[in-house]
Amino acid sequence: MGNLFGCLPEEDTLGEMVDPVVWEMERKAAEAAKREDFEESLACLEQAGVETGYILNARGVIYCSQGRFTESIADFTSAIHLSPHSGLYYYNRGQVKLKCSTRQDAANDFRKALEVDPTLTKGRPSYTKTRWLIKPTTWHYSLPVF
């Protein structure tokens, strides 16, 4: 089973083992979200009893799925404050900002996601697309002339 919220590693950002209860609640939340049972998913995340970057990211994904963009952005922002080295959190927040038509802010998040994690393959196309949406009239000037 793939993880809807991104990878939950065996160790947290401080190098300590992730609590098995947190791990299990995140897994159950992902299963419920796949069934589009967002209320159960949110309940599972609440039962984890902590607000790690992973839990905040998961909740942000659920809020976005429900159209609760302000809450989603707030959770991704909190996740970034806890784990500023995670490109995934910047990327996810950028996706929500793009849905809210705040294109410059989205582009900034996609750029930061790539700075923090250059291997984040989904970040580059999003950044390029967003930059094009911001200045579509100048896009052709950046292409080579043959």
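1. The crossing of helices H3 and H4 is left-handed (the near helix is turned anticlockwise from the far one by less than a right angle). The model is predicted, with local features requiring pLDDT of at least 70 and side-chain atom pairs pLDDT 80 or more, while totals for chains, interfaces and linings use all residues. Residues are numbered from 1 along each chain as its sequence is written, and side-chain values use heavy atoms, without hydrogens and water.

2. H3 covers residues 53-65 and H4 residues 69-82; their axes come within 8 Å and cross at roughly 165 degrees. The two helices are therefore roughly antiparallel (angles over 145 degrees). Helices here are DSSP runs (H or I) of at least four residues, numbered from the N terminus.

3. Contact means heavy atoms within 4.5 Å. On the H3 side the contact includes Leu56, Arg59 and Tyr63, and on the H4 side Phe69, Asp75 and Leu82 are among the residues. By class, the contact of H3 with H4 has eight nonpolar, five polar and three charged residues (Asp, Glu, Lys and Arg count as charged; Ala, Val, Leu, Ile, Met, Phe, Trp, Tyr, Cys and Pro as nonpolar; the others, Gly among them, as polar).

4. Arg93 lies in helix H5, residues 87-99. Arg93 is buried, at 12% relative accessible area (buried is under 20%, with a 1.4 Å probe and protein chains only). Beyond four places in sequence, Arg93 contacts Ile73, Phe76, Thr77, Ile80 and Asp109.

5. Mean pLDDT (the predictor's confidence in each residue, from 0 to 100) is 78 for the protein chain. Over residues 137-146 pLDDT stays under 50, and the model has two contacts beyond four places in sequence for them. Where pLDDT is low, the predicted coordinates should not be read in detail.

Terms used:
Axes fitted to C-alpha atoms, helices over the stretch in contact; angles between N-to-C directions. Parallel < 35°, antiparallel > 145°, perpendicular 65-115°, else oblique. Buried < 20%, exposed > 50% of the residue type's maximum accessible area, 1.4 Å probe, protein only.
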